[in-house]
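Dear colleague,

I am passing on the structure below, together with some notes on its sheets, its helix packing and the relation between its chains. Please read them with the model open beside you.

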2 protein chains.
Amino acid sequence: MRWLTGNVEELSKEIRQEQAQLNENNELIEAQVREIIEQVREKKDIALFEYTKQFDGIELDSLEVPSEIINQAFEQIEPDVLEALEKAKENIVSYHEKQKELGFVDFPKEGIIRGQKIEPIEKVAVYVPGGTAAYPSSVLMNVLPAKIAGVSEVVMLTPPPKNGKFIPAILVAALLSGVDKIYQIGGAQGIAAVAYGTETVPKVDKIVGPGNAYVATAKKQVFGQVGIDMIAGPSEIGVIADETANPHFVAADLLSQAEHDTLSRSILVTNSKKLAQEVENEINNQLKQLSRESIARASIENQGLIIVSETFDEIFDLMNEVAPEHLEIALDNSLDYLGKVKNAGSVFLGHYTTEPIGDYFAGSNHVLPTSGTARFSSALGVHDFVKRIQYVHYTKDALKQDRDYIRTLAYQEQLDGHAKSVEIREEDN
Amino acid sequence: MRWLTGNVEELSKEIRQEQAQLNENNELIEAQVREIIEQVREKKDIALFEYTKQFDGIELDSLEVPSEIINQAFEQIEPDVLEALEKAKENIVSYHEKQKELGFVDFPKEGIIRGQKIEPIEKVAVYVPGGTAAYPSSVLMNVLPAKIAGVSEVVMLTPPPKNGKFIPAILVAALLSGVDKIYQIGGAQGIAAVAYGTETVPKVDKIVGPGNAYVATAKKQVFGQVGIDMIAGPSEIGVIADETANPHFVAADLLSQAEHDTLSRSILVTNSKKLAQEVENEINNQLKQLSRESIARASIENQGLIIVSETFDEIFDLMNEVAPEHLEIALDNSLDYLGKVKNAGSVFLGHYTTEPIGDYFAGSNHVLPTSGTARFSSALGVHDFVKRIQYVHYTKDALKQDRDYIRTLAYQEQLDGHAKSVEIREEDN
């Protein structure tokens, strides 16, 4: 792991610069994706069949996954996995129910009503990556908040499996969480299909879910035509620890992030050089026990970071600069420090709250802002699947009372048509 | 105005296709903007001075607007404009205060705490267009929600005025709403400056505010490095009206939108052919009285739309497809129909609630989703300036109770490092 020491300002600068690189656009991928989107808009279903053959090496019979296959998955899934998914669903639902917004109505003066009402987005597509990174937990995390928000149609997109066999847990998670249809289309072509619609695939209003660079670039390009959740980058964890932390626990948690991807980043910030050294030693021990050792090792070696701060308070300043996707606070009395957290996707408090609890089970969402984007964005939630529609009602008398202010501002902005729409309501009866 | 009749499905399709075109990318502008962003990242302040000379024709002494100039604006502004801005501010503040979120905390089982806390974004930039489209009301609408959310630093970007003289109301609105610094930099170069930071201009976490195609494209390109509000297109109004509507009022309101821009769109949906005809006649009468007649006329002729539906219920189905930025419901008992509105930025209820009330005074926001994006996005509000940070706390015993579910899902996803981070907490004491 790379060690950094120094003052907060210097370290912050360095971290920000590295994050900026992570968020760079790739012009080659952009051009390829632009072409794919154009082809899908033009040739629709035919383009989808062609790209699936070209990119996935599969000749599809149908774009939609047939319902027999989905139903079979319930027979194939192992009972303990089914039970764990059901329990996880319960927790995700009960957590996200608390995110529901009510809107408001306000009566500031006689004759004036104003407010905000909450309406669900109508149609949503959830992208689910294929291959080794096929995560049933992510299906629950993306679909359930949409359903709780009241989205009436949720379609799922996922690349067709190479061997023709879907992982049963993926299809079961889709059904458990209320997905209406599943299309076996991946990549930029999948995103283009739901952004513009084809003969078979419906045009949706918003696309959510993680994906590779092609998926992420396609989402960015269709943004505006449809809504998108966020541009997800490599996963990352930040651990704040002092001498009260258990180096075995901290090492295991840093590795649980590192095993995701060689680009995943694990960052320890501590005021204890002793702890830092113990964690590093323990990482080297535990690495050998992982089945994904080579991925985790590459991640730790290239992306891993140990920052030893000069003071305890600086730990939080630094971590707020990192703005990690996942943040563990491995301190005694961890709740006392929650107020210091300004930027993070999800916070795991105390020595026993290992980050995988949140990945799978606590009920909080695991779709989180990465690469420092927690400075301005948040975990996926019910709020991402609703619109806040404003409304205003004025009576004739109320308008009369406010007319001069409105006219003054309209004329100031040289929009006399705006002023006249007020004036005409006095002349005309 | 163009007239459309037909069934809902056909009309919807046509409207969607037209909106899709409005949201198209422009590859030429994209390439130019990419170059500008690169130059600003590389040469920083120097690039800003150079581009301002090249694009605005002005050699700046300083990038920041000096505080003397801002203070002078208070002496130059007309008293009635100042008073109207102050009253508008009061209403905007009282409306937006109601949008504040509290977060939540939940204790689902002994030993488990989970919740969501709300933290403001730290630094925000507000873009304010220059020229004839310099709207002090927009300054209030963009800045006040950020301040209510608790944003600690709000900087404003605006192109330097051609004649060297800022409109006093713009500077006064900035000060009234709590802007911390004003930079006289416009266009893509302004967006690049706040996205990456220069020697003078701070890097911010989120950029909001409308702008021309260069500004919008730049915002789209820096999205990911920083948050952005939305990609705003031409302004639009939809009016739902039946025979109870006053054609003079409806015509005036359609024109108040049309005067913004030749690309602005005014759409009337009615079940009364008689009303439609009266409104069209009245538009022709009122057009001649507008100082921005030529803009409004071009907008009405090229973008104006009258849709006569076959039934009353179809009016709402159609308007939900349009998903207008502004929606007027010019019906008796208009509040009874608010439940039917599924897609709209802001709704104006009843014959006397003309849309400019919302532009200037009611307190609801006038930064709204355009070109059908109200299907998935909302008016700017306090929620756009906060992050929802999740948190979870588990005790050792609570973890023991849930361990098997977490392990099962981790092994199912072949992430044994995730499972081990749970297991190690039992072994190790």
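Which residue in E11(A) is the bridge partner of A:Ile267? Please keep in mind throughout that this is a predicted model. The partner is A:Leu305, and the pair belongs to the contact between strand E10 (residues 265-270) of chain A and strand E11 (residues 305-308) of chain A, which pair in the parallel sense over four bridges.

These two strands are part of an open sheet of nine strands that draws on both chains, in the order E1(A)-E11(A)-E10(A)-E9(A)-E12(A)-E13(A)-E14(B)-E3(B)-E2(B), and its pairing is mixed. At its edges stand strand E1 (2-5) of chain A and strand E2 (104-109) of chain B, each with a single partner strand, so that one side of each has no neighbour in the sheet. From one strand to the next, the twist averages 20°. Helix H5 (residues 79-97) of chain A lies across the part of this sheet that comes from chain B, namely E2, strand E3 (112-120) and strand E14 (386-394), and runs at about 40° to E3(B).

Within chain A there is also an open sheet of five strands, ordered E6-E5-E4-E7-E8, in which the pairing is parallel. Its edge strands are strand E6 (181-183) and strand E8 (227-228) of chain A, each of which pairs on one side only. Strand E4 (residues 123-127) and strand E5 (residues 153-157) of chain A run parallel and are joined by five bridges; one example is A:Val126, whose bridge partner in E5(A) is A:Met156. Helix H8 (residues 187-196) of chain A packs on this sheet, where H8(A) touches E4, E5 and strand E7 (206-208) of chain A, and its direction makes about 160° with that of E5(A).

The helix H8(A) also meets helix H2 (residues 27-43) of chain A, and the axes of the two come within 9 Å and cross at roughly 45°. That angle makes H2(A) oblique to H8(A), and H2(A) passes H8(A) in a right-handed crossing. On the H2(A) side the contact is made by A:Val33, A:Ile36, A:Ile37, A:Val40 and A:Arg41, and on the H8(A) side by A:Ala188, A:Gln189, A:Ala192, A:Ala193 and A:Tyr196. Sorted by class, this contact has eight nonpolar residues, one polar and one charged.

In chain B, helix H4 (residues 67-76) and helix H7 (residues 168-177) have axes that come within 8 Å and cross at roughly 110°. H4(B) and H7(B) are therefore roughly perpendicular to each other, and their crossing is left-handed. Here B:Ile69, B:Ile70, B:Asn71, B:Ala73, B:Phe74 and B:Gln76 of H4(B) meet B:Pro168, B:Leu171, B:Val172 and B:Leu175 of H7(B). By class, the contact of H4(B) with H7(B) has eight nonpolar, two polar and no charged residues.

Technical notes
Residues numbered from 1 in each chain as written. Chains lettered and ligands numbered in written order. Predicted model: local features only at pLDDT ≥ 70, side-chain atom pairs only at ≥ 80, totals over all residues. Heavy atoms only, no water. Pairing = 2+ DSSP bridges. Contact = heavy atoms within 4.5 Å. Axes fitted to C-alpha atoms, helices over the stretch in contact; angles between N-to-C directions. Parallel < 35°, antiparallel > 145°, perpendicular 65-115°, else oblique. Left-handed = near helix turned anticlockwise from the far one by under 90°. Nonpolar A, V, L, I, M, F, W, Y, C, P; charged D, E, K, R; others polar.
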